[in-house]
Amino acid sequence: AGREAEAHAIFDKWDLDAAVIGKVTDTGRIVLMDRGEKIVDLPIEPLAEGVRYDRPSKPGPAAPTVRLPAAPADLNATLASLLAAPNIASRSLVFQQYDHMVRLGTVRRPGAADAAVVRILDGATDLVRAKGVALTTDCNPRFCQLDPYEGAKLAVAEAYRNISTVGAEPLAITDCLNFGSPERPEIMHQLKEAIRGLGDACRALETPVVSGNVSLYNETDGRPIFPSPSVGMVGVISEARHAVGSWFPANLAIALLGDNTDELGGSEYLAFVHGQVAGPVPKLDLEKEARVGKACRALIGAQLVVAAHDCSEGGLAVALAETCFGDPLVGAHVSLDSDIRPDCLLFGEAPSRILVAYDESREADVERIAQEQGAPFKRIGRTGGGSLAIEVQGKKVVDATVSSLAAAYRGGLAHALGL
């Protein structure tokens with residue numbers, strides 16, 4: 001109350017009609033008037049009580065556990081196959097078919113960053129220094145099928161990471177809760193646990209849920225979809241021009257914010273290469289996720305980081321390959337000092353990891369800021385050349401031309417769709 005004129009000004013800007021139709025009271029009753037005549041006067045509690053939804057729920061069968069397969073002999077081929085997998089391959093086939101430059105406000109285009117960034121166009125603002133809004137959507141239904149509570153938390157964490165990698169401050173989420181029939185107690189359990197996970201993650205990362213919708217009864221021939229609590233997150237960056245992308249230029253140092261683990265549960269590698277949907281899903285430390293995100297945003301804010309990319313589907317090796325796919329293509333040489341089995345190290349999907357590229361001469365400043373934010377930091381390589389080479393404890397386990405990897409990535413979706 002008292003700010004009606006401000007609200008009307010916003011509606012007027014967009015040629016929309018608006019009218020004040022009532023006010024919120026503390027009477028506990030809903031009253032509707034029609035030309036001065038009271039036509040409804042009811043207590044609100046029975047109406048609100050009537051929309052509460054509490055069906056029977058119980059956990060379904062325990063998720064299968066990972067049966068660690070033999071490591072592939074050719075990790076080059078494994079990496080290429082993952083880059084072409086439908087859940088990882090480039091989405092350019094989709095986004096190139098619509099106008100993503102409406103009103104000329106797009107700063108970071110689809111495919112070139114972990115989140116889209118749109119400039120806030122306002123006639124009263126210096127466009128060079130205009131604010132930017134960052135947007136992303138995320139969900140891994142496989143994680144949610146194996147553990148709906150942890151899977152929902154991981155969806156929020158990945159969205160938070162994507163917003164952070166362009167340099168924006170995560171603000172809020174909207175969700176789309178897609179599930180099977182809630183008349184099945186195990187599906188109702190998935191729904192309740194996913195909502196609980198969303199709530200816990202959003203409180204920890206200070207990104208409130210401001211809107212959302214629910215889509216239930218998603219089944220075919222009695223088989224429900226994997227639970228999919230999709231998360232759309234929005235963030236803001238004070239100057240859109242400072243937002244960074246996910247493609248790494250040549251002659252830069254590469255560092256990892258976060259820690260590698262040997263967790264394969266729920267991974268694309270396990271499902272696509274070995275045919276297993278098994279857990280447990282990777283462990284998420286929300287405090288660590290926040291620290292890694294803050295470190296990345298601080299580094300971008302200080303203009304120390306040239307580009308950043310999160311590790312998610314496909315793991316570290318896929319993330320490294322994706323950083324090479326800019327224009328022009330740029331290779332990288334990476335050396336990892338780890339006793340984790342190479343395929344687990346390269347394709348496990350541990351959360352809270354971001355790759356950053358920066359000028360080697362500023363490494364002391366980069367490391368200092370990461371440490372100030374409490375984020376693990378490790379220099380792992382350098383960009384340049386025409387190949388992606390990855391060594392583990394001095395042994396080269398991946399050595400593939402970027403052009404061959406890019407071809408697999410860019411053509412994967414069309415091939416999967418038979419186009």
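Begin by selecting glutamate 268, which lies in helix H8 (residues 268–274); helices (H or I, at least four residues) and strands (E, at least two) are DSSP runs numbered from the N terminus. The model is a predicted one, in which local features need pLDDT of at least 70 and side-chain atom pairs count only at pLDDT 80 or more, while totals for chains, interfaces and linings use all residues. Residues are numbered from 1 along each chain as its sequence is written, and side-chain values use heavy atoms, with hydrogens and water left out.

Is glutamate 268 buried or exposed? Glutamate 268 is buried, at a relative accessible area of 3% (buried means under 20%, exposed over 50%, partly exposed in between, with a 1.4 Å probe and protein chains only).

Next, display the open sheet of 7 strands, whose order is E12-E14-E11-E15-E13-E16-E17, with mixed pairing; two strands pair if DSSP finds at least two bridges between them. Strand E12 (305–310) and strand E17 (395–401) stand at the edges, each with a single partner strand, so one side of each has no neighbour in the sheet. From one strand to the next, the twist averages 20°. Zoom in on strand E16 (residues 387–392), which pairs with E17 in the antiparallel sense over 6 bridges. Valine 392 has lysine 395, in E17, as its bridge partner.

Now turn to the helices lying across these strands. Helix H9 (residues 286–301) lies across strand E11 (253–257), E12 and strand E14 (354–358), and runs at about 150° to E11. Angles run from 0 to 180 degrees between N-to-C directions, and axes are lines fitted to C-alpha atoms, for helices over the stretch in contact. H10 lies across several strands, among them E12 and E16, running at about 150° to E16. How many residues of helix H10 (residues 315–323) are buried? The count is 9 of its 9 residues, including Glu322 and Thr323.

Note on methods: Contact means heavy atoms within 4.5 Å.
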